[in-house]
Amino acid sequence: MEEEKWSSIITPKRKLLDLQIRELIKYRDLIFLFVKRDFTTQFKQTILGPLWFVINPVLSTIMFTFVFGNLAGIGTDGIPHTLFYFSGTMLWGFFAACFTDSSNVFINNAGVFGKVYFPRLAVPISQVFTNLIKIAIQFALLMAIFMFYFFTGAPLQPSWSLLLFPLLFVWLAVIGVGMGIIISSLTTKYRDLKHLVSFALGLAMYATPVVFPLSEIPERFIWIAYVNPVCAPIELFRKWFFGTASIDGPMILSSLGISVALLFAGLVLFNKNEQTFIDVV
């Protein structure tokens, strides 16, 4: 009798941090299918479809301009209100989407996880790609607005560093996925925590320079910008594209350090939690 030869062997993980890079590459078609599934199911049987990617930040920009720009009179460091609020809303929305999707990864995909084996990390990765499509559409609109203001004489001073802007999207995705995976390991056991997370996420936006620049923060509260890792990439984006931002080297290093720590902790908890989550979901 011929000896049976197996093409794939499933073995238990022995390490806390096992990213399964080879398996993720092998299942890249599955990641693409997840992206396609998420993208189509969100806008199936809708009238405007992907235009909602643009409508939401545009409406938020109009509201923020009226409330914070006109009524409250909060400055924007000379940046036109439309550019300032749209860029902040776009970047925060991308981070929030990565965070929310990752925090619900086990609950929302329990049916799939319990039936067939595949690298579980493929799901949060596919969600990041889905959110990258959304922010790409929003970024295209932002660039159209930017060119209008730039050629009409607005005080904008873009630098060549803006060519590195994709790294800022990766940076925000790292923060969102890292934090989200940590939360997902808790919400699988304690479902009511997701309500607290949604509330905390809404409050966290006002601790981030989305509707105000860092220059408007009182000196005694500036420490918040150093412990909030989302502040640095948003301020760097405005510095590279608009030429004005209140950010320094220590703030960037602090954000990078916290981002890496969050991602590392999230991956460790993800690998540990995926082995037992099906018993509690």
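With a relative accessible area of 14%, F212 counts as buried, because buried means under 20% relative accessible area, exposed means over 50%, and partly exposed lies in between (1.4 Å probe, protein chains only).

The model is predicted, so local features need pLDDT of at least 70 and side-chain atom pairs count only at pLDDT 80 or more, while totals for chains, interfaces and linings use all residues. Residues are numbered from 1 along each chain as its sequence is written, and side-chain values use heavy atoms, with hydrogens and water left out.

**The chain as a whole**

The secondary structure comes to 12 helices and 0 strands. Here, helices (H or I, at least four residues) and strands (E, at least two) are DSSP runs, numbered from the N terminus. Read along the sequence, the pattern is therefore α-α-α-α-α-α-α-α-α-α-α-α. The chain has 281 residues, and 43% of them count as buried.

Contacts tell you how the chain folds back on itself. A contact means heavy atoms within 4.5 Å. Among contacts between residues at least 6 apart in sequence, 80% join residues at least 24 apart.

**Around F212 and R238**

Now back to F212, which is found in the loop between α9 (193-204) and α10 (223-227). Leaving aside neighbours within four places in sequence, F212 is in contact with I74, F84, Y206, I217 and R238. F212 and D77 are 135 residues apart in sequence, yet their C-alpha atoms are 9.1 Å apart in space.

R238 lies over the face of F84, at 3.7 Å from the ring centre; a charge sits over a ring if NZ of Lys or CZ of Arg is within 6 Å of the ring centre and within 35 degrees of the ring normal.

Side chains of opposite charge can pair when their charged atoms come close. For a salt bridge, a side-chain nitrogen of Lys or Arg must be within 4 Å of a carboxyl oxygen of Asp or Glu. How many salt bridges does a search of the whole structure find? The search finds 2. One joins R238 to E235, with the closest N and O atoms 3.7 Å apart. Both R238 and E235 are buried, and because they are 3 residues apart in helix α11 (residues 231-242), about one helical turn separates them. The other salt bridge joins R37 to D38, with the closest N and O atoms 3.0 Å apart. R37 is partly exposed, at 30% relative accessible area, whereas D38 is buried, at 12%.

**Aromatic pairs**

A search of the whole structure finds 20 aromatic pairs. Rings of Phe, Tyr and Trp (its six-membered ring) pair if their centres lie within 6.5 Å; planes under 30 degrees apart count as stacked, over 60 as edge-to-face and the rest as tilted. Here are two examples.

| Pair | Centre to centre | Angle between planes | Kind |
|---|---|---|---|
| W92 and F95 | 5.0 Å | 55 degrees | tilted |
| F165 and F169 | 5.6 Å | 75 degrees | edge-to-face |

W92 and F95 are 3 residues apart in helix α4, so about one helical turn separates them. W92 is buried at 9% relative accessible area, and F95 is buried at 3%. F165 and F169 are 4 residues apart in helix α8 (residues 165-187), which again means about one helical turn. F169 is buried, at 7% relative accessibility. Both F165 and F169 belong to one aromatic cluster, whose members also include F94, F139 and F146.

T89 is buried, at 14% relative accessible area. Not counting residues up to four places away in sequence, T89 touches P57, S60, T61, F64 and V210.

Finally, G257 sits in helix α12 (residues 249-273) and is partly exposed, at 41% relative accessibility. G257 and P229 are 28 residues apart in sequence and 8.6 Å apart in space, C-alpha to C-alpha.
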